[in-house]
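Hi,

Here's the structure I promised to pass on. Have a look at it first, and then read my notes below.

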Amino acid sequence: MSQESQKYNHGEIEEKWQKQWVDQGIYQQYDRPEKFYALDMFPYPSGAGLHVGHPKGYIATDVFTRMKMLQGKSVLHPMGWDAFGLPAENYAIKNKVHPAKAVAENIVVFKQQLQKIGFTYDWDREVNTTDPAYYRWTQWIFLKLFEHGLAYEADEPINWCPSCKTGLANEDLEDGKCERCSSVVEQKKMRQWKLRMTAYADRLLEDLDKTKLQWEESIRIQQRNWIGRSEGAIVKFSISPPKADPPLADNFQFPIDVFTTRIDTIFSGTFLVLAPEHEFVDAVKEHIQNWNEVETYRQTLQTVSLIDRTSAGREITGIELKGITAINPATKESMPVWIADFVLAQYGTGAVFADAHDTRDFAMAKKYRIPLKVSIQPEDPALLEQVKALAVCYPGEGKLFNSQQFDGMTSAQARPKIVEWLSQQGSAKPTVNYKMRDWVFSRQRYWGEPIPLIHCEQCKKKKYQYVFIHGFTGSSQGVFFPWLAQELKRQGHTVFCPDLPNTEHPNIQEQVEYILDNTAINEDTILVGHSLGGVVMMKLLEQISGSVRRAVFVDPVVSKTFNDHARPDVEKSNDWKFDYAKIKSNIREVVVLADARHPIIRVEDIEKLRTVLNANQTITVHPEADHFTASQEPEILRAIDSIGTIALSEDELPLKLPEVEKYEPTGTGESPLAGIPEWVNTTCPQCGGAARRETNTMPQWAGSSWYYLRYIDPRNGAALVDLNKEKEWMPVDLYVGGAEHATRHLLYARFWHKFLYDIGSVSTIEPFKRLINVGLILAEDGRKMSKRWSNVINPDDIIEHYGADSLRLYEMFMGPFTQSIAWSTDGVKGVRRFLDRVWNLKERTLNPKLSTLNPNIDRLLHQTIKKVTDDIEGFRFNTAVSQMMILVNAMEKADSLPLSQFSILLLLLSPFAPHMAEELWHQLGNSESIFEAQWPQYDPSLAKESEVEFVVQVNGKVRDRFAIPVGLPEVQVIAQSLERDAVRGWLEGKQIRKKIFVQDTLLNIVVS
């Protein structure tokens, strides 16, 4: 065969093998005993297509999975499309094409580009987040979150992007700007859905433990900082009735909650500072004497980004709420109330008590001449005098003074004692706070998953009869009942809250009869039963003839068994037999509200109640006080206010996006879906009246929070994933993607996965076992590749000229995988020359006279097997390629090159350059694919280096390097080192004080 006929024609070879691999099902060998699941962060298919920076991570996982295939494992390596969301919709708007059409066209381009590179993707498992068969299960997950009280509606200030015309979560911001379009966000109050992500904050932190996750520490640090757990206290500052007209009502209940980690400074607190967006400001605006000034100030901040408001160099601004004063619960002194730009509604409670021991408070007080006091003394006497004179701010800890009975204590000693003291007065409680906020989970846009909920204004606005049922030893004036009755009456509802007979030794039937004798239960009745009131409520529901609108079980006792000890009076109160079918038939909606930390009521009892009554919602929260015993419990009101919001049934999924001609954002806070009457108008399943579908759509992050599960079972119409298949493949063994997703996608996916674990849909606590971040490939000019800079390089062009194997090998060789590195077309040319050299080596294996192993090549070959194997495992692809280049250099110089040695080279090279390796493998006479062969094993005795480079230092500075045999005894190495000319000059006239020897590595000679 002539040299010309053997020329390496990459185009023909790559097209040939890509087709044959698919035809032969090489990437679908799932019946091997050991599994390996490798995952790439799937792309959103932009109109620009791929540039050479995009495939870097995909190539890395492909190299890794090809080695795993050769090691005999069943490999799952899928690919799909993250196609909903703002990027796709903004592209469609710009190019005047429907997003569905744009996405479909872009996917075709992306897929063709990826297929040219020769990945191990099983395209039979391809998923698309915009496919109704896929987003049906995204909607199903949302319904489960709603059912468990983790999805709720809120009307509060959010991050609003004026360009994208939608609300954004904190995680969607970069330096206070929209991550997608770089517009400065505004704070805008509007209705949106949120996911109670903070309920999982502690678990998200705890499971970052290194023994559970093989993640880079930098990612764990980012997540810990974003979650931002801090232990402190909530302090309640009551409001003193202002001397204003009209005065606050006598029953005005609006204490300002302040979260603090430095309650030791509370005795020096002289004023309160609120976030300008704090709900208190609007609640008392009629009583703020300078309201026009306050309103103007708030408006000026709407265009200032959050990052600017809190930046260190920015001058603090604020304004007093004149006529409003608060009471310091420690000193009982009146305090003025201010709003200021540096306090954010998104952090803590949106309020701080200000004193002389915080630098921002200090600066603000000095600027606006607000009186200050000090209560912490530093150890330095001179500094103490400056602090007392209010010449400087001392923000550190120290001993307390001017602090009543706590004088002389250290800050650490005083904090728990002050909390306990104020708790006894009802003014404080220990609290854990999180910087992370609940996930803003709605977009006022068209291109997203429809939220499967219905809103019925008739149900929501209807006036109901509430019946409160207290528990063991309770009364109508206990716990939250008076406050809740006041709130509901203010809304126009009627409330019946009886004092049930014999609360100390209750007879449940007697209590049921008392309720029936004193009020009429009907279809407009809402029952609220607390504690043992849950049993009263169930027995009541057994005996009524009609149905009630809703039953709200608040931390219900529904079993005679408790976690701590027996309660004979409770046990004797009834027979503990319930006709659940009858109870269920007499309730149109069931809500179970449980205390997540309650040590007495059993979790299994709450779960049983949820199951047997098929509860519409089961909300597990941390109430204001254990067992919902505080005088105010906002979570109860939230559970009650959700009436009129109805979930679709599972058999109504998927709720599909309607086909529309116009889908541009409205900018009004309503999605374009609101303007499609035939889609939005529907019937309320509760009352049969007119209702409207939820018009906000889900954010892009929804579909990407669980896609890794759908790859396992992509065509399942009965569940999001078959439990047996999930257990077989999860967790993901290797996940590769950009570090920019550390506090977005990765947190969201971990949150959803933990929830799915809690409801029994997955078998693992964490989704991703090992995580590797990919460094960017920059343009040749050192900037990020962008059309704006005209520096984008299309991988199709590189593949056409140099081949896919050259692209693959170069991107793995160009530098450390996690680092950002500039592209070099000359580098691609160099890699192509290397592949040509490998191609030409095959001619030398055809000579039958060259069959004897070359010992020098054999040793280097086994060293290369070890290094390439270890380097692929460690994502050190560049050094793996370097080692293969060293081996090829040696093979070219060797007198002989047996077939066995060249075959091993091809196996080692095959994950990087699969097409050429496969072609050469077959030219050597093999009939099966190279990827059905076995990964080579190294001989440890041959892989061991015979010589190493030894370093000699003098006083820590390198003075010489030379080769020594591996394992040479210390005495001999030191003797040789001292005789080296490069070393002796540094020792003349010096006294050797110490010799530090590291076997086979270095000698450090310490001289004086």
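Predicted model: local features only at pLDDT ≥ 70, side-chain atom pairs only at ≥ 80, totals over all residues.

How far is the sulfur of Cys459 from the closest cysteine sulfur? The closest one belongs to Cys456, and at 3.5 Å it is too far for a bond. A disulfide is a covalent bond between the sulfur atoms of two cysteines.

Residues are numbered from 1 along each chain as its sequence is written, and side-chain values use heavy atoms, with hydrogens and water left out.

About that word "buried": it means under 20% relative accessible area, while exposed means over 50% and partly exposed is in between (1.4 Å probe, protein chains only). Thr618, at 5%, is buried too. Thr618 has contacts (heavy atoms within 4.5 Å) with residues including Glu147, His148 and Arg610.

Most residues other than glycine have a negative phi, and most peptide bonds are trans. Arg369 isn't a glycine, yet its phi is positive, about 55°; with 78% relative accessibility, it counts as exposed. Val479 has a positive phi as well, about 35°, and is partly exposed at 25%. There's a cis peptide bond from Leu653 to Pro654, and another from Met730 to Pro731.

Cheers

Notes:
Disulfide = S-S within 2.5 Å. Lists of a residue's contacts leave out its neighbours within four places in sequence.
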